[in-house]
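Reader: I'm new to this one and would like a close look at a single part, the sheet. Could you walk me through it and show how it sits in the whole chain?

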Amino acid sequence: MTQYTPERIELQNDDWQSILAQAVRSPRELLELLGLQSSGLAQQLHVDKAFGVLVPRTYIALMQHGDENDPLLRQVLSVQDEQLEVAGYTKDPLGELETNVQPGVIHKYHGRLLLVVAGGCAVNCRYCFRRHFPYGDNAVGRKQWQASLDYVAQDASISEVILSGGDPLLISDEALADLLAQIEAIPHVQRLRIHSRLPVVIAQRLTDRLIRMLASSRQQVSMVLHINHARELSASHRPYLEACRQAGISLLNQSVLLKGVNDDEQQLCQLSETLFAYGILPYYLHQLDRVQGAQHFAVSDERMRVLYRYMLDHLPGYLVPRLAREEAGRTSKTLIKL
Ligand SMILES: *Cc1c(COP(=O)(O)O)cnc(C)c1O
Ligand code: SF4
């Protein structure tokens, strides 16, 4: 595989764990790297100890130097608006704690089961619906996987296992190999899906070894990436995504509609087109989950419909993602009617 040379930022080592270890954790440092230390943004910083700033330098390299409104920066910089308490925005907007049937297992979708295999992410997205999720109670180590796998094995209605998190690709290739082998041994599981943002912020996570492992699975494997803006993809991602596709892994994308990031007709169309150019199909466009601390990213339903109609009018059908929202207690996402 071709080696990826990050632009502008020097890295000691380019394996994904080293890149992750060098991630920026201070909002002030992030602004300094972008030459924004004396901008208006510097007055709006907020330090959230429980859900701090976390952003790999490979992602920062794709931001525009000197731009306060950079759509990538806005997704990861913690600002004072997160402290606002707004009616209707809660800590568990999706009622996940109720469907958290046992540690590490979320069974809310029919036929599909989410395994929480990692208690964290490689990037802390400020709009995240799981920003208050008690990962501590779900710290699923390899030992506890057995209980989760027993749950899957005893329910023949589960035909798809979805690895979730946190970010499931945060666990090592060795640990994943172990988990995959055990899932493969359950006869009624036909499909395996990985929801991850890690390859977006650190493309190097898609190691040859990981790809070979996924490709050799008895199950059909798909990967749903979480990309919200066309600029999150760069030439450096291409060889890794190409390798996935050559290995027969289906690549899909899920985006969240975010004010100040992608709430723009052209940007949304550009996102779909860019995804396709990288071999990824746009799958879902999500209305924001009403999680406390994320209200400044909200786009009204009215505006959302205008944006979506524009996409329908300007893109081929296969580049129009499904418009959906997540509602507590439902066994699938709710498609939004125009
Ligand atoms: C929506 C969603 C799923 C389930 O997706 P379907 O394709 O509707 O089965 C799984 N994981 C995450 C994180 C989701 O947002
Ligand atoms: S990668 Fe996904 S789960 Fe992790 S913080 Fe971002 S939105 Fe949340």
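Author: Let's start with a term we'll need: two residues are in contact when they have heavy atoms within 4.5 Å of each other. Keep in mind, too, that this is a predicted model.

Now to the sheet. It is an open one with 9 strands, running in the order S1-S2-S3-S4-S5-S6-S7-S8-S9, and its pairing is mixed. At its edges sit strand S1 (105-106) and strand S9 (334-335), each of which pairs on one side only. In general, strands of a sheet pair through backbone hydrogen bonds, in either a parallel or an antiparallel sense. For a parallel case, look at strand S2 (residues 112-116) alongside strand S3 (residues 160-164): they are joined by 5 bridges.

Stepping back, the protein chain has 12 helices along with 9 strands. Of the contacts between residues at least 6 apart in sequence, 82% link residues at least 24 apart. As for overall size, a compact globule of 338 residues would have a radius of gyration near 20 Å, so the 19 Å of the protein chain agrees with that. The C-alpha trace spans about 55 × 45 × 45 Å along its principal axes.

And the surface? Of the 338 residues, 57% are buried. The accessible surface is about 14,600 Å², and carbon and sulfur atoms account for 48% of it. Finally, the chain carries 34 positive and 38 negative charges, whose mean positions lie 3 Å apart.

Definitions and conventions:
Residues numbered from 1 in each chain as written. Chains lettered and ligands numbered in written order. Predicted model: local features only at pLDDT ≥ 70, side-chain atom pairs only at ≥ 80, totals over all residues. Heavy atoms only, no water. Helix = DSSP H or I, 4+ residues; strand = E, 2+ residues; numbered from the N terminus. Rg over C-alpha atoms; globule rule 2.2 N^0.38 Å. Buried < 20%, exposed > 50% of the residue type's maximum accessible area, 1.4 Å probe, protein only. Areas by Shrake-Rupley, 256 points an atom, 1.4 Å probe, with all protein chains shown as cover. Lys, Arg positive; Asp, Glu negative; His and termini not counted. Charge placed at Lys NZ, Arg CZ, Asp CG, Glu CD. Pairing = 2+ DSSP bridges.
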